Amino acid sequence: MTRHITAVILAAALCLAAAGCQKTPSAADLNQSPETVFNMATEAMVKGNDALAIDLYYKLDKSYPSFKKYRADTLYRLGTLLYKTDRFDEAEPVFAKFAEKCKDDDRLRKVYEKLIEIYVQDLHDEDKAQAIRDLYAKKFKESPVLKQIDKTMNVLSVNEGSGSALLAMDSGNIGIIKMQKTDEIDREFYPVRNYVLKSVKSPDGKLIVEKQKLDGNYYLFFGPIGSRMAKIGGSSGGYAPQWSWNSKYIYFTSMNWQNKERKIKVFDTAGKNTRELFSAKGVGPLLCISPDSKKIVFTYLDKLWIMNSTGNSVTLLSENINAGDIRMIAWSREGDSIIFLKKNEKETYYQCEFGRREIAIGN
């Protein structure tokens, strides 16, 4: 009988959500026991209705504070769903609460790892990231995962100075104000370097994207390292894949050999959807993504261009710099410059400093 009532209530809630109602019935409105609400939330989560599952887990956490039986499951699932749907500012306090209340839970390791990612990549709070990292090291000791965490924190931490301010600008306001040649590259300063490669690992070391042949055509496939890979929709002819610094997006180009146009596309690994951002004749194959994943530098007619990762504000960076035949390009971790290397110039790097477009370009 209880199972039947739960199914009826869940169906009604699903119908209300589908109808666009502003408010999903709360646990209190439905006058249900916390066990029933937990089962409703779990069923919604299994069916892929993340919005309803989040609402019910929230109600369970806030409306039934004395309900301890599935507290750890509630917090972990709520935090994971919020993280999955990019609601990082909400996921952070939920995961922090789990870490405080469930110190002996086997999932604490994963919660610490997600908290570190949120603090470094999304909230840019390096002090909190370091504090969680130290707790992780104390509890779980040295491990390959800890080494990867340290590497990720080093790669993704963004200076709050001029580079951060530049990244906050619209692409249309950014230009190259200075260019100089150098015979070496500071690999810590330019930690994510972009090449034309068949396969590329994500910066966090968990995923891989790879070009594979299928039914006479080439496509891009991605998945966890060492596991079965899935084909990326819309990746026919996909070439030179690159990861965003937060390991959530895959950017790539594809050439239409009939009209000679090259498309720039992005694949969302969470939403599993591919969008076209730009298309034109004369676009180069290599892309360079900013540390905050909000901007893309690419070549068009042998010049450097920049655009927002939404595909708008496509802007020429400099009239004076020839960027043809680039074989490597990298964005600085501070966000205030890029560096590139040409195919026919073995050890000559071109370092380009960004600034506001109003400033006159000089060499």
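Which order do the four strands of the open sheet with β7 have, and is their pairing parallel or antiparallel? The order is β7-β8-β9-β10, and the pairing is antiparallel.

## Basis of the description

The structure is a predicted model, in which local features need pLDDT of at least 70 and side-chain atom pairs count only at pLDDT 80 or more, while totals for chains, interfaces and linings use all residues. Residues are numbered from 1 along each chain as its sequence is written, and side-chain values rest on heavy atoms, with hydrogens and water left out.

## The chain as a whole

The protein chain has ten helices and 17 strands; helices (H or I, at least four residues) and strands (E, at least two) are DSSP runs, numbered from the N terminus. Of its 363 residues, 50% count as buried, a term that stands for under 20% relative accessible area, with exposed meaning over 50% and partly exposed lying in between (1.4 Å probe, protein chains only). Among contacts (heavy atoms within 4.5 Å) between residues at least 6 apart in sequence, 49% join residues at least 24 apart.

## Two helix pairs

Two packed helices are described by the angle between their axes and the distance between the axes. Helix α3 (residues 34-46) packs against helix α4 (residues 50-63) at an angle of about 155°, and their axes are 8 Å apart; such axes are lines fitted to C-alpha atoms, for helices over the stretch in contact, and angles run from 0 to 180 degrees between N-to-C directions. The two helices are therefore roughly antiparallel to each other, since angles over 145 degrees count that way, under 35 as roughly parallel, 65 to 115 as roughly perpendicular and the rest as oblique. Residues that make the contact include Pro34, Val37 and Phe38 of α3 together with Leu52, Ala53 and Leu56 of α4. The residues of this contact divide into twelve nonpolar, one polar and no charged, where Ala, Val, Leu, Ile, Met, Phe, Trp, Tyr, Cys and Pro count as nonpolar, Asp, Glu, Lys and Arg as charged, and the others, Gly among them, as polar.

For helix α5 (residues 71-84) and helix α6 (residues 88-101), the axes come within 8 Å and cross at roughly 155°, which makes α5 roughly antiparallel to α6. Among the residues that meet are Ala72, Leu75 and Tyr76 in α5, and Phe88, Glu90 and Ala91 in α6. This contact comprises eleven nonpolar, two polar and two charged residues.

## Two open sheets

In the sheet β7-β8-β9-β10, the edges are held by β7 (238-243) and β10 (273-281), each with a single partner strand, so one side of each is left without a neighbour in the sheet. Neighbouring strands of this sheet are turned by 20° against each other on average, direction ignored. Strand β8 (residues 249-256) is joined to β7 by four bridges, and the two run antiparallel; two strands pair if DSSP finds at least two bridges between them. Glycine 238 stands opposite serine 254 in β8.

Another open sheet of four strands has the order β11-β12-β13-β14, with antiparallel pairing. Strand β13 (residues 303-308) pairs with β14 over two bridges, and isoleucine 306 has threonine 315 in β14 as its bridge partner.

## Leucine 146

Leucine 146 lies in helix α9 (residues 144-156) and, at 1% relative accessibility, counts as buried. Leaving aside its neighbours within four places in sequence, leucine 146 is in contact with Arg133, Tyr136, Ala137 and Lys141.
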